[in-house]
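I opened this entry to keep a record of what I looked up in the model.

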Amino acid sequence: MAKVAATLTLSLFILYFISGGNSATANNYEQKTWCVAKPSSDQATLLANINYACSQVDCRILQKGCPCFSPDNLMNHASIAMNMYYQSRGRNRWNCDFRNSGLIVMTDPSYGNCIYA
């Protein structure tokens, strides 16, 4: 009888999430992650990552006068561009690989008015 009850409970739980469930409860089980450039990445790799990511997503937030322009360096701009790409593609680990120059972090890298989505 206990096995039947456990199976029924599990089935109801699965059905609850398949049918939409409570999104607030579902999100409690999902850890938010961000993609940033590995500190060991060389300048050419960072520039290639910016060029690739910005060919796929809108990188206007990196323009002079925008919230994420400063600090104006390749490490910062690459991290922001790579994260925008990563977030837009569903936060799959392979979307942060960038030829092994990306790093998935669980601490929000946002600073000042520059918010990593």
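**Helix contact.** The model is a predicted one. I began with the residues that join H3 to H4. On the H3 side I listed Gln-43, Leu-46, Leu-47, Asn-49, Ile-50, Tyr-52, Ala-53, Cys-54 and Gln-56. Their partners in H4 are Leu-74, Met-75, His-77, Ala-78, Ala-81, Met-82 and Tyr-85. I sorted the residues of this contact by type and got 12 nonpolar, 4 polar and no charged.

Next I looked up the geometry of the pair. H3 covers residues 43-56 and H4 covers residues 74-88. Their axes lie 8 Å apart, and the packing angle is about 35°. I noted the hand of the crossing of H3 and H4 as left-handed.

**Whole chain.** I then stepped back to the secondary structure, which consists of 4 helices and 2 strands in the protein chain. In sequence order the pattern reads α-α-β-α-α-β. The chain has 117 residues, and 29% of them count as buried. Taking contacts between residues at least 6 apart in sequence, 70% join residues at least 24 apart.

**Loop between H3 and H4.** I looked for peptide bonds that are not trans. The bond joining Ser-70 and Pro-71 is cis, with omega about 0°. Pro-71 sits in the loop that runs between H3 and H4. As a reminder to myself, most peptide bonds are trans.

**Loop between H4 and S2.** Which residues other than glycine have a positive phi? Phe-98 has a phi near 45°, and Asn-100 has a phi near 65°. Phe-98 is located in the loop between H4 and S2, and Asn-100 is also located in the loop between H4 and S2. I wrote these two down because most residues other than glycine have a negative phi.

Are Phe-98 and Asn-100 buried or exposed? Phe-98 is buried, because its relative accessible area is 11% and the cut-off for buried is under 20%. Asn-100 is exposed, because its relative accessibility is 52% and exposed means over 50%.

**Salt bridge.** How many salt bridges does the count give? It comes to 1 salt bridge. The side chains involved are those of Asp-58 and Arg-60, with N to O at 2.6 Å. I checked the cover of both partners. Asp-58 has a relative accessible area of 44% and is partly exposed, whereas Arg-60 reaches 53% and counts as exposed.

**Pro-109.** My last entry is on Pro-109, which I found in the segment after strand S2 (102-105). What does Pro-109 touch, leaving aside its neighbours within four places in sequence? The contacts of Pro-109 are with Trp-34, Val-36 and Tyr-116. I also looked up the separation of Pro-109 from Asn-83: 26 residues in sequence, and 9.9 Å from C-alpha to C-alpha in space.

Key
Residues are numbered from 1 along each chain as its sequence is written. This is a predicted model: local features need pLDDT of at least 70, side-chain atom pairs count only at pLDDT 80 or more; totals for chains, interfaces and linings use all residues. Side-chain values use heavy atoms; hydrogens and water are left out. A salt bridge is a side-chain nitrogen of Lys or Arg within 4 Å of a carboxyl oxygen of Asp or Glu. Buried means under 20% relative accessible area, exposed over 50%, partly exposed in between (1.4 Å probe, protein chains only). Contact means heavy atoms within 4.5 Å. Axes are lines fitted to C-alpha atoms, for helices over the stretch in contact, and angles run from 0 to 180 degrees between N-to-C directions. A crossing is left-handed if the near helix is turned anticlockwise from the far one by less than a right angle, and right-handed if clockwise. Ala, Val, Leu, Ile, Met, Phe, Trp, Tyr, Cys and Pro count as nonpolar, Asp, Glu, Lys and Arg as charged, and the others, Gly among them, as polar.
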